[in-house]
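Visitor: I would like to go through this model step by step. Please start with the strands and then turn to the charged side chains.

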Amino acid sequence: MTQIRVLVVDDSALVRRLVTTALRQAPDIEVAGVARDGLEAVRMVDELAPDVVTLDIEMPHLDGLGALTRIREKHARLPVIMFSTLTERGAKATLDALSRGASDYVTKPSNTGQIADGIAAIRDQLVPRIRALAGIRKLTPGAAVPVVRRERPRSAVAPVAALLIGCSTGGPDALARLLPRLPADLGVPVLVVQHMPPVFTTMLAQRLDKVSALAVREAVDGEPAHAGEVLIAPGDFHLRVRRSAAGVRVALDQGPQENFCRPAVDVLFRSAVEAYGAGALATVLTGMGQDGLAGAKELAASGARILVQDEESSVVWGMPGAVAGAGLADDVLPLDQLADRVIATVRRSRAA
């Protein structure tokens, strides 16, 4: 069995104990080393050449952001997972880290007094991310050339009425590169599901709003889905769209998790089948797992268009790879080509 070697970096002895114990429960993961601050982490990355690094944000001597910057100078593709707190300060620092090249993040358990619960929480969050980022397990092994859906029902020529975006691991950076390239006059509402907890989605929307021509904010239950706006599903709430005589409105709920997620991409995609049908344009960006696959099947059956991010530009090609591998994608594109394709698809469909 191939061992994934992980360097654990945290200034808290308790957190180091929780993380190392959680990782040692996975038979395919080896704790290659433990560092107590950013300076030690930078040195140990060079010495140990780990496969993955878990990196605390707040540390003495050199904090996580500083350590990440130095690590990236020499190791551009080394997977780095930030360890964050569920606070506004933690969310801001995490988004800063993601914009500087961190691969993903996990949140620290809120109650580390219960050792067993803390270990389980860390294991459940961290181990799947380590495996995905290390490239040990892929959902679509051997799918070097994705299958592209070629036969489409005639209803697929319907004008695009909404852009739906689903993403997870690597999604915040992908959104920061995609959304600013969409024009203010795109002409359709944009609905986004990014796997993130509360507070984090609020901060993400605020950041994206500052750099985008479209207005970006968290969705509010019951509001209309207007053209010119990007509505992001709030953390811990599913986002649905519902059509009535008054038009399409947003609905938020805390129904059961799907694919271990809330919000879940599948929930949005399924609701869009009823609200928009062939008028939906779905885009699946980088992400771990296969959330969005089941919803994409229903969208494809309704004649909706589906675009996915390619493997080379994805941090993890789980979600987009699952859709492409199932033959549901109209096209598989690098991230830097997706905005132009979206714009062209919307305008061409509405001019017809």
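**Sheet and salt bridges**

Guide: In this predicted model, five strands make up an open sheet with parallel pairing, in the order β2-β1-β3-β4-β5.

Visitor: Which strands stand at the edges of this sheet?
Guide: A strand at the edge has a single partner strand, so one side of it is left without a neighbour in the sheet. That applies to residues 29-35 and to residues 104-107. The edge strands are therefore β2 and β5.

Visitor: By how many degrees are neighbouring strands of this sheet turned against each other on average?
Guide: The value ignores strand direction and is an average over neighbouring strands of this sheet. It comes to 25°.

Visitor: What angle does the direction of helix α5 make with that of β5?
Guide: Helix α5, residues 115-134, packs on the sheet and touches β1, β2, β3, β4 and β5. Its direction makes with that of β5 an angle of about 170°.

Visitor: How many salt bridges does the count come to?
Guide: Side chains of opposite charge can pair when their charged atoms come close. The rule asks for a side-chain nitrogen of Lys or Arg within 4 Å of a carboxyl oxygen of Asp or Glu. By this rule the count is 21.

Visitor: In the salt bridge of E40 with R36, is E40 buried or exposed?
Guide: The closest N and O atoms of E40 and R36 are 3.6 Å apart. R36 has a relative accessible area of 45%, so R36 is partly exposed. Buried means under 20%. E40 has 15% relative accessibility, so E40 counts as buried.

Visitor: How many residues apart are R347 and D185?
Guide: R347 and D185 form a salt bridge, with their closest N and O atoms 3.0 Å apart. R347 lies in helix α11, and D185 lies in the loop between α6 and β7. The pair links distant parts of the chain, and the separation is 162 residues.

Visitor: Which strand holds E229, the salt-bridge partner of R217?
Guide: The closest N and O atoms of R217 and E229 are 3.2 Å apart. E229 has a relative accessible area of 17%, so E229 is buried. R217 is in strand β8, whereas E229 is in strand β9.

Conventions: Residues numbered from 1 in each chain as written. Predicted model: local features only at pLDDT ≥ 70, side-chain atom pairs only at ≥ 80, totals over all residues. Heavy atoms only, no water. Buried < 20%, exposed > 50% of the residue type's maximum accessible area, 1.4 Å probe, protein only. Helix = DSSP H or I, 4+ residues; strand = E, 2+ residues; numbered from the N terminus. Pairing = 2+ DSSP bridges. Axes fitted to C-alpha atoms, helices over the stretch in contact; angles between N-to-C directions. Contact = heavy atoms within 4.5 Å.
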